[in-house]
Each structure stands twice: as C-alpha cells, then as structure tokens.
Amino acid sequence: MNQDKYLTVSAVTKYLKFKFDTDEHLRTVFLKGEISNFKAHTTGHFYFSLKDEGSKINAIMFSTNAKKINFSPSEGMKVLVVGRISVYEATGGYQIYVEKMEQDGLGNLYIAFEKLKQDLAKEGLFDAAHKKTIPKIPMRIGIVTAPTGAAIKDILSTIKRRFPICETILFPALVQGENAASDIANKIDMAANYEIDTLIVGRGGGSIEDLWPFNEEIVARAIYHSKVPVISAVGHEIDYTISDFVSDLRAPTPTGAAEIAVPNMIDLVKHIEQLKIRLKESILKKVNYNKLYLDSLKNSYVIKTPMIMYENKKQKLDLIETKINTLIIHKLETSKQLFEHLKKNHILKNPQEIFEPKAIILKQIIEKLELLNPLGILKRGYTLTYQNNHIIKSISDIKEDSIEIRLYDGTVKAKVVEKEKK
Amino acid sequence: MAEKEQKFEDKIKELETIINELENGTSDLEDSINKYTKAMKLVNECDEKLKSIEEQVNKIILENGEITDFEIEE
C-alpha cells in the first residue's frame with residue numbers, strides 16, 4: 001500500500017491554519033455574542049466561548065488586551081468583540097483571538113440613564129436644598145449592601161479603624177440582578193426604623209450592568225424619601241449612578257463612604273482635649289478679671305478711708321445743729337424783747353386807769369336801774385293785781401271774782417265785790 | 001428613662017457654643033461659673049463615652065427584621 005498519499009494530523013492542521021491566516025476576512029472579525037464558560041486564568045488571560053442561539057465559538061483574550069477592559073465579563077453577558085480567527089494547532093480547534101471587547105446594549109442603557117437623570121433632575125430630586133446634613137459624629141451607621149464581597153468588608157474595617165465605638169447595622173441586599181433594585185429600595189425604607197444616624201448605600205466595582213440597580217428609579221426615590229441621611233458608594237471613583245446624584249453625599253468608593261461617615265477617633269479625642277483647655281482658660285480669665293476688678297474696688301479711696309464717709313456726714317450734722325441753735329436763740333431774743341416792751345406799757349402799769357371810769361359809769365347805770373325797778377315803785381305805795389298769774393291792766397281783764405294783789409312786802413288774795421268801768 | 005440621652009454630636013456642639021460664649025461673652029461671674037459647670041459635665045460625659053471603648057459588634061438585620069451579630073466571611 002502506498003502510504004505517501006496519507007497526511008499527518010500536524011500537516012493538515014498546519015495547512016488549515018495557513019488557510020485561516022491568509023484569509024483576509026478572518027484577520028479582522030467583528031463578532032457579537034453571549035459569553036459562556038468564562039474563565040479568568042491566573043496569568044490574566046481570559047478563556048471563554050461566544051455563543052448565540054445557533055452556534056458557538058471558542059475565544060481567548062490575552063492578558064495584554066484583557067487588562068484594558070473596564071468591566072468584569074461574566075456568564076451570559078452580551079458582548080461585542082474584535083479579533084482574528086485562527087487555528088490552535090495543539091487542539092486542532094479554531095478560535096477567535098479577541099483584541100477588544102465591550103458590552104453590547106450599552107447604548108440603550110446609556111439612553112435610559114440619561115433620560116431618568118433628566119426626569120428626576122426636573123422633578124427636583126437632586127436639588128441641593130433637599131440634601132440632608134451628614135452627622136459628624138454618628139453613633140450608629142446603617143449599611144445597605146451585599147453581606148459578602150469587598151464592599152461590606154471595606155466599610156466595616158474602615159469604620160472599626162477610625163471610630164470603633166460606632167455601631168454598624170447591615171441591611172443585606174441583593175446588589176445585582178433583576179430583583180436587586182426593589183430589594184435595595186426596600187432595605188433603605190427599612191433602615192428608617194432603626195434609629196440610624198447615617199446610611200451608606202452601595203456596592204463594589206463591577207460592569208455597568210452590575211451597577212445598574214443603582215440607576216433604577218425605585219432606588220432613587222427610596223434614597224430621596226429616606227429620613228436618614230444617605231451616603232452613596234457605588235463602584236469605583238469613575239462610576240456615576242443616579243443614586244449618587246440623589247443621595248445626600250456621594251463617596252467615590254465604599255471605603256471612601258466609611259471615611260466620610262465617621263470621624264477619626266484620635267482627632268475627636270484631640271478636639272475634646274482642646275475644648276477642655278479652652279474651657280479652663282476662658283473661666284480662669286473670667287475669674288482673674290473679676291479678681292482684678294475686686295482688687296481695684298478694694299483699693300478705691302472710699303473703701304480704704306471709710307472715716308471720710310462718716311466725717312462728711314458729721315460735718316453736715318454739725319452745720320445743721322448750728323443752724324438750729326441760731327434759730328432758737330433768735331426766737332428767744334425776739335420774744336424777750338416783746339416781753340420787755342409789754343412790761344413798759346402804761347396801761348399795764350396803771351390798770352386802775354382802765355376800770356376807775358368804768359366804775360363811775362357802772363354806778364350811774366345801777367342808779368338808773370334802781371329807778372326802773374317795779375318793786376321800787378311798790379315801795380312807794382303802788383300795787384300789782386294778777387288773775388291766774390296774768391297782770392290785770394284793764395277792768396275787762398277780770399274774768400272771775402278771785403284776784404291776787406301784790407304789795408311791796410307780800411301778797412293778798414281778794415274777791416271782787418263790784419266792777420265799775422270809767 | 002423619661003428623657004432620651006442627648007446625642008454625642010449635640011453635646012460637642014453645645015460644648016463649643018458654651019466655650020464661645022465664655023470666650024467672647026460678657027456674662028457675669030455667676031452665669032459664667034454655671035456655664036462652666038455645665039460644660040465640664042458635658043466634657044466628662046464625652047470623655048467617658050470615648051474612653052469606654054468596647055468595640056461594637058457588627059449587626060445584621062435578618063429578613064424578619066430581627067437584629068443579630070454579623071461576622072464578615074473571610
């Protein structure tokens with residue numbers, strides 16, 4: 001049997017590889033598909049397959065290219081790749097050597113992101129006026145993130161390092177996938193019931209799709225309505241999400257969020273020490289000032305020579321006393337003079353000069369009165385006739401027979417015998 | 001407890017306010033001493049809080065809302 005017409009496996013593979021490599025359509029291929037069987041090797045190379053509904057192609061991305069991509073490829077991710085297709089001789093399989101890879105559908109995501117951002121901005125969800133102040137010294141921090149992974153680890157270790165007396169409460173949430181957004185929103189709402197000072201909401205780095213829950217409206221509104229101040233910490237420094245815009249403060253990373261959220265214990269202790277010093281100095285200053293003031297009062301002229309106050313008053317008293325004395329003496333003097341003057345009065349010296357003429361007049365008046373006394377007339381022989389104690393002047397005054405006749409030295413009761421009118 | 005304890009941050013703020021008043025104020029000696037006494041009380045409370053460092057245990061909220069200790073998986 002002539003064996004010359006039989007080719008070796010290596011030879012035919014080499015031939016096929018030659019055919020692939022010289023085909024210009026295979027030199028630069030633009031390919032889209034879904035990642036499967038993804039493996040990132042320790043060398044940094046990516047090994048995976050790209051597939052669609054009907055077919056599948058193996059792919060390799062060497063570390064020099066792999067390290068340039070800004071997302072973490074994962075199972076099922078839709079990607080756009082550029083590379084060349086060739087044969088790997090050792091396995092005899094053809095594969096695509098990927099040079100560039102980006103996520104498919106990013107254009108749509110970007111549009112959705114921009115639209116929601118604009119809508120919420122218009123509604124006022126990002127307004128600075130609505131931002132709450134982040135407490136400087138929180139005693140209880142809430143964290144909404146995945147219970148595993150770098151983010152929670154970084155946050156907790158940073159808080160422990162800086163401010164170990166702070167309590168931390170984790171509200172574990174799904175941070176990627178379909179249900180993540182509603183779960184995150186739910187946990188943000190829940191945190192309101194645990195007397196939390198500051199809430200950190202976030203996750204570690206990932207592809208834009210991984211971070212997508214933080215671009216969902218439901219999460220944005222939960223952050224907006226949160227009564228607890230929210231610090232967002234999504235992905236890396238370069239990643240901006242809707243959550244970052246609506247939160248009260250954006251941190252570049254989860255570690256950054258923890259650094260912003262709590263003070264450094266050492267700084268705080270120093271600050272309190274300084275306050276203590278200031279407090280003591282200020283009160284000492286006050287006390288010293290008052291002491292000096294008191295001293296100045298003690299040294300004042302009046303306090304040092306209290307007799308001055310007394311002497312002033314004494315002098316005034318003396319003056320008043322003198323005045324009173326003068327007044328009294330003057331009064332006495334005047335009275336004495338008046339008395340002397342009266343003593344020299346002629347009438348007072350010769351009072352008989354007043355009553356001697358008066359006595360003569362009195363004697364004359366008495367003599368006149370004697371003449372007028374009706375009893376004097378009776379002495380001369382006249383009588384008075386009364387009836388019922390009324391004097392009878394006329395004959396017609398006599399009403400009955402009994403009458404009374406008064407004489408100089410007695411009374412006669414008599415009876416009328418006869419009346420004869422003249 | 002009838003009254004909720006004043007927050008640490010509020011204590012520091014009140015302390016700063018009192019010190020500013022003492023430094024710049026014209027309050028009389030008696031008032032100043034009252035303020036000083038109050039401030040010293042706050043300082044001691046803050047000191048005590050900071051010095052009683054018992055490291056806080058991390059907590060986690062379970063699905064049913066209960067709080068329990070949380071240890072990070074290494």
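**Helices and a chain contact in a predicted model**

Me: In this predicted model, which residues of H5(A) are buried?
Reply: Ala151(A), Ile152(A), Ile155(A), Leu156(A), Thr158(A) and Ile159(A) are buried. The cut-off is 20 or more other C-beta atoms within 10 Å.

Me: What puts them on the same side of H5(A)?
Reply: The arc. They cover only 165 degrees around the axis, so they lie on the same side of H5(A).

Me: What covers the buried residues of H5(A)?
Reply: The cover includes strands E6 (140-145), E7 (167-172) and E8 (198-203), and helix H10 (254-261), of chain A.

Me: How do you know that the span of H5(A) agrees with 1.5 Å a residue?
Reply: H5 (residues 150-162) has 13 residues, which should span 18 Å. Its end C-alpha atoms are 18 Å apart, so the two agree.

Me: Why are H6(A) and H8(A) called roughly parallel?
Reply: Their packing angle is about 10 degrees, with axes 8 Å apart. Angles under 35 degrees count as roughly parallel. Therefore H6(A) and H8(A) are roughly parallel to each other.

Me: Which residues make that contact?
Reply: H6(A) uses Ala181(A), Ser182(A), Ile184(A), Ala185(A), Ile188(A) and Asp189(A). H8(A) uses Ile218(A), Val219(A), Ala222(A) and Ile223(A). By class, the contact has 8 nonpolar, 1 polar and 1 charged residues.

Me: What makes up the contact of chain A with chain B?
Reply: Chain A gives 31 residues and chain B gives 28. On the side of chain A, H5, E7 and H11 (265-298) each give two or more. H11(A) gives the most, with 11 residues. The side of chain A divides into 20 nonpolar, 4 polar and 7 charged residues.

Technical notes: Residues numbered from 1 in each chain as written. Chains lettered and ligands numbered in written order. Predicted model: local features only at pLDDT ≥ 70, side-chain atom pairs only at ≥ 80, totals over all residues. Axes fitted to C-alpha atoms, helices over the stretch in contact; angles between N-to-C directions. Helix = DSSP H or I, 4+ residues; strand = E, 2+ residues; numbered from the N terminus. Parallel < 35°, antiparallel > 145°, perpendicular 65-115°, else oblique. Contact = placed C-beta atoms within 7 Å. Nonpolar A, V, L, I, M, F, W, Y, C, P; charged D, E, K, R; others polar. Expected span 1.5 Å × (residues − 1). Buried ≥ 20, exposed ≤ 12 C-beta atoms within 10 Å, placed from the backbone. Arc of directions from axis to C-beta.
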